[in-house]
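Here is a briefing on one protein structure. Keep the sequence and the model open as you read.

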Amino acid sequence: MLRGIAASQGIAQAKVYKLEQPVLDIVRRSADPDEELAKLDAALTRTAADITRIREAASVQLNSAELAVFDAHLMMIDDPEFRAQIENTIRNDKVCAEYAAKQTAEMMVMIFEGMDDAYMRERAADVKDVTFRLLCNLCGMEIPNPAMLDEPVIIVARDLTPSDTASLNRQFVRGFVTETGGRTSHSAIMARSLEIPAVVGVKGILEATRNGMPLILDGRDGIVIPDPSEEQVSAYALKADAFRKEREALKALKDKPSVTADGRKVVLSGNIGSPADLESVLESGAESIGLFRTEFLYMQCENDFPDEEMQFEAYRSVLEGMHGRRVVIRTLDIGGDKKLNYYSFEEEMNPFLGVRAVRFCLLRKDIFRTQLRALLRASVYGKLSIMFPMIATVEEFREAKKCCDEARAELIAEGIPVSDDVEVGCMIEVPAAAVNADRLAKYADFFSIGTNDLIQYAMAADRTSEPLSYLYQPLNPAVLRLIKMTVEGAHKYGRWCGMCGEMAGDELTAPVLLGLGLDEFSMSAPSVLSVRQMIGTLRYADMQQLAADVLECDTDAEAAELLKKAVGKQPQTVVQ
Ligand code: PEP
Ligand code: MG
């Protein structure tokens, strides 16, 4: 049995599917040219067939412009010039096909990387991709591709990028386990909203498993059992059943208000990453959308930033789908652990402290303007609130707001209708913004506290780091004081204050947030009903006192103990 961080609830039992890139060890070997040429031709045919199959599977989700990348890969594999180069090396140097192909590939990459034209330079990545596939085929190694799954599996990987997680095939992926990562890394957040059970930060999982081995994953207690015994299989089948029944029972609260036992009403909202998540939010009983992470739209595009039209359609569909209920759409938050295939960020020593989120948008106002225009055009289809991520200063907020005002003026001058009831708010995720909340509240219509980042910046601990996951301390007095200042700053100017970080959906911490006066709690959809149930059992007046007592604790652990006694829930935070 291995332990890790419980990242997404639920229990799964299925075969292991390892998502690991093969490591190729290609050495120069002399060989018979005719045999090597036959091997090369077979590998070229196989590679073309692989790309065609992947293209076919991707065609369900991608449009023809996005599929063009596969066409380019096929053209390269079918190019007689490319084959001729490898053949020359095989014949002239009498070397094995994989060595000759590797030499040719490296030379091509060098040529592309040395080109003046930025577009052509970026094609080097395509050359690497295609030739890696060819080399794997020459060496008899398989490149895993979860898009091609046809049976239930649990993915085991060193790490999953947010885009890997977004593209997991939910029909067959029953859960995932990673060696690295923390509870608030984006792949863990996505797993929760996709309702895929997950345990992250499991040291040794790659070594302990092989493809096809049965595995139990308990995403509630952070436990992974490779090759389980029959008793373990039956015990976990019962546990999974109990979990399903618990979730079923909660459905009775779906259309009920979120109100404490003594009558204080709060708003429970859902977090989404794309219009496709709308259905689960509507199903979850959430009253509104408190965070639409728009960067996933950008990450799904293969070749370029999404244009105004494509974004407009996405925002419009979500606003229409919510039928007049509030939708908070966050402007692009790219950088940090979120990358784009088609854009090379400048190398930075500390990407989480670098050109990220609104900082990127203020440096690339052309990209920002396209998004703001799309958002404002969509505003007439529902109740839109726009918010800017990672604001550190009042100047940044004012500048971002000015871009928004300019986009609005431009649209109006073009005769395009824009709602005049669009709130423009500020995420509070940088400690400086929390401390200055009573200044920012003069300018922002609302706040939403991003605790995933607020905690990483308050603790100076990378949120994706497994060894530092003990510093994810939502109940640390430093964090609670920042939250208190933010709520008070907002209320001083009559603004509402929400929270869209993972802390808002944690049953252990929600009572303190309630007591601190938080107005809105936005979380991954599956958490809404359990938080609603808990809120219904609490008295606001008691929670105000409890929050005051918790703020007196010296440590996160003391605060957790106090809360467990007062509210009787186990911490969901870090289960090591
Ligand atoms: C946060 O930081 O808490 C947040 C909601 O934003 P993200 O997790 O996307 O950085
Ligand atoms: Mg954030």
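In what sense do E13 and E14 pair, and over how many bridges? They pair in the parallel sense over three bridges. Two strands count as paired if DSSP finds at least two bridges between them. Helices (H or I, at least four residues) and strands (E, at least two) are DSSP runs, numbered from the N terminus.

This is a predicted model, where local features need pLDDT of at least 70, side-chain atom pairs count only at pLDDT 80 or more, and totals for chains, interfaces and linings use all residues. Residues are numbered from 1 along each chain as its sequence is written, chains are lettered from A and ligands numbered from 1 in the order in which they are written, and side-chain values use heavy atoms, with hydrogens and water left out.

**Around strand E14**

- Strand E14 covers residues 446-449.
- Phe446 and Ser448 point one way from E14, and Phe447 and Ile449 point the other way.
- All four of these residues are buried (buried means under 20% relative accessible area, exposed over 50%, partly exposed in between, with a 1.4 Å probe and protein chains only).
- Ser448 in E14 is the bridge partner of Met427.
- E14 also runs parallel to strand E15 (residues 496-499), joined by four bridges.
- Ile449 stands opposite Met499 in E15.

**The eight-stranded sheet**

- Strands of a sheet pair through backbone hydrogen bonds, either parallel or antiparallel.
- One open sheet has eight strands in the order E1-E8-E7-E3-E4-E5-E6-E2, and its pairing is mixed.
- Strand E1 (2-3) and strand E2 (5-8) stand at the edges with a single partner strand each, so one side of each has no neighbour in the sheet.
- Strand E4 (residues 153-157) and strand E5 (residues 173-178) pair in the parallel sense over five bridges.
- Ala157 stands opposite Thr178 in E5.
- Helix H8 (residues 186-194) lies across E2, E5 and strand E6 (198-200), at about 50° to E2.
- Helix H10 (residues 230-250) lies across strand E3 (11-18), strand E7 (214-218) and strand E8 (223-226), at about 120° to E3.
- For these angles, axes are lines fitted to C-alpha atoms, for helices over the stretch in contact (heavy atoms within 4.5 Å), and angles run from 0 to 180 degrees between N-to-C directions.

**Salt bridges**

- The structure holds 47 salt bridges (a side-chain nitrogen of Lys or Arg within 4 Å of a carboxyl oxygen of Asp or Glu).
- Glu87 forms one with Arg83, with the closest N and O atoms 2.6 Å apart.
- These two residues are four apart in helix H3 (residues 80-93), which means about one helical turn separates Glu87 and Arg83.
- Arg83 is partly exposed, at 23% relative accessible area.
- Glu295 and Lys338 meet in a salt bridge of 2.8 Å, N to O.
- Glu295 lies in helix H12 (residues 295-300) and Lys338 in the loop between strand E11 (326-330) and helix H14 (357-363), 43 residues apart.
- Glu295 is buried at 0% relative accessible area, and Lys338 is buried at 1%.
- A network of salt bridges links Glu295, Arg330, Asp333, Lys338, Arg356, Asp453 and Arg463.

**Cysteines**

- The whole structure has zero disulfides (pairs of cysteine sulfur atoms within 2.5 Å).
- For Cys96, the nearest cysteine sulfur is that of Cys139, 8.3 Å away.
- Cys96 is buried, at 0% relative accessibility.
- For Cys361, the nearest cysteine sulfur is that of Cys403, 8.9 Å away.

**Tyr315**

- Tyr315 is in helix H13 (residues 308-321).
- Tyr315 is buried, with a relative accessible area of 0%.
- Not counting residues up to four places away in sequence, Tyr315 touches several residues, including Phe292, Leu297, Ile329 and Gln371.
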